[in-house]
Amino acid sequence: MIKVLFVCLGNICRSPMAEAMFRDLVKKEGLEAKFEIDSAATGDWHIGKPPHKGTLSILDKYRISSDGLLGRQITSGDIESFDYIIGMDESNISNILAVSGGQGAEKTFRLLDFREDLAKKDVPDPYYTGDFEETYDLLSKGLASLLEHIKKQHNLG
Ligand code: 4NP
């Protein structure tokens, strides 16, 4: 099983959108049996809460299931057990490494670092910008490249 964890600050806007979109992408490629996909927050404000309505409406617009998305906070156990820990921006990466005391740095990545064509490497936080469409667009690009990277590493397809 290839275990992928998406991480943001609140786990109600960007990382649950990434989780749902990546699940959808992996399913479309017929690879769902090979993956375990989850998301988590570095903060503790939204534990047990559903995603932000902006994230839910974007997922609905693009016909992507939002089943099972509930806020939770990352643990050091997650950093041990997941194979790819994917933050949305630079501050997520520092917060993840603070939880793990620096462990897992070799498997912790910022999503848009998988895109050589984009100058900006942080996914802006729509909780503050209100622009969930921009988040969807950047996640689509980053997730497609992440999946290509994982497929190459694991000799899939
Ligand atoms: P996210 O956005 O990290 O993309 O889920 C946020 C959601 C909530 C808060 C901050 C960012 N908050 O401060 O409650």
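Q: How far is an oxygen atom of the ligand from a polar backbone atom of Leu-9?
A: In this predicted model, Leu-9 is one of the residues around the ligand. A pair of N or O atoms counts as a polar contact when the two lie within 3.5 Å, and the distance between the polar backbone atom of Leu-9 and the ligand oxygen is 2.9 Å.

Q: Which residue has a polar side-chain atom 2.8 Å from an oxygen atom of the ligand?
A: Two side chains can be considered here, and both belong to residues around the ligand, which include Arg-14 and Asp-125. A polar side-chain atom of Asp-125 lies 2.9 Å from an oxygen atom of the ligand. The residue whose polar side-chain atom lies 2.8 Å from a ligand oxygen is Arg-14.

Q: What percentage of the area that the ligand exposes when taken alone does the protein bury?
A: A polar side-chain atom of Asp-125 lies 2.9 Å from an oxygen atom of the ligand. Taken alone, the ligand exposes 350 Å², and the share of this area that the protein buries is 93%.

Q: How many residues of the shell around the ligand are nonpolar?
A: The residues around the ligand include Cys-8, Leu-9, Ile-12, Cys-13, Trp-45, Tyr-127 and Tyr-128, and also Gly-10, Asn-11, His-46, Arg-14 and Asp-125. When the shell is divided by residue type, 3 of its residues are polar and 2 are charged, while the number of nonpolar residues is 7.

Q: Where in the protein is Asn-11, a residue whose phi is near 55°?
A: Most residues other than glycine have a negative phi. Asn-11 has a positive value although this residue is not glycine, and Asn-11 is also among the residues around the ligand. Its place in the chain is the loop between β1 (2-8) and α1 (14-28).

Q: Is Asn-11 buried or exposed?
A: A residue counts as buried when its relative accessible area is under 20%. The relative accessible area of Asn-11 is 2%, and therefore Asn-11 is buried.

Q: Is Arg-63 buried or exposed?
A: Arg-63 has a phi near 55°, a positive value in a residue other than glycine, and this residue lies in the loop between α2 (53-61) and α3 (76-81). A residue counts as exposed when its relative accessible area is over 50%. The value for Arg-63 is 69%, so this residue is exposed.

Q: In which order do the elements of the protein run from the N terminus on?
A: The secondary structure of the protein comes to 6 helices and 4 strands. Read from the N terminus on, these elements follow the order β-α-β-α-α-β-α-β-α-α.

Q: What is the radius of gyration of the protein, and why does it agree with a compact globule?
A: The C-alpha trace of the protein spans about 35 × 35 × 35 Å along its principal axes. A compact globule with 157 residues would have a radius of gyration near 15 Å, and the protein agrees with this because its own value is 14 Å.

Q: Among contacts between residues at least 6 apart in sequence, what percentage join residues at least 24 apart?
A: Buried residues make up 50% of the 157 residues in the protein. For the contacts between residues at least 6 apart in sequence, the share that joins residues at least 24 apart is 73%.

Q: Which helix is the place of Leu-139?
A: Leu-139 has a relative accessible area of 0% and is therefore buried. Leaving aside neighbours within four places in sequence, Leu-139 is in contact with Arg-14, Met-17, Ala-18, Met-21, Met-88, Leu-111 and Val-123. The helix that holds Leu-139 covers residues 132-153 and is α6.

Q: What distance separates the C-alpha atoms of Lys-141 and Asp-117?
A: Lys-141 is placed in helix α6, and with a relative accessible area of 29% this residue is partly exposed. Not counting residues up to four places away in sequence, Lys-141 touches Arg-115 and Leu-118. Asp-117 is 24 residues from Lys-141 along the chain, and their C-alpha atoms are separated by 9.9 Å.

Q: Which residues is Thr-55 in contact with, leaving aside its neighbours within four places in sequence?
A: Thr-55 lies in helix α2, and at 0% relative accessibility this residue counts as buried. Leaving aside those neighbours, the contacts of Thr-55 are Ile-12, Cys-13, Met-17 and Phe-132.

Note on methods: Residues numbered from 1 in each chain as written. Predicted model: local features only at pLDDT ≥ 70, side-chain atom pairs only at ≥ 80, totals over all residues. Heavy atoms only, no water. Near = heavy atom within 4 Å. Polar contact = N/O pair within 3.5 Å; in protein donor to acceptor, adjacent residues only side chain to side chain. Areas by Shrake-Rupley, 256 points an atom, 1.4 Å probe, with all protein chains shown as cover. Nonpolar A, V, L, I, M, F, W, Y, C, P; charged D, E, K, R; others polar. Helix = DSSP H or I, 4+ residues; strand = E, 2+ residues; numbered from the N terminus. Rg over C-alpha atoms; globule rule 2.2 N^0.38 Å. Buried < 20%, exposed > 50% of the residue type's maximum accessible area, 1.4 Å probe, protein only. Contact = heavy atoms within 4.5 Å.
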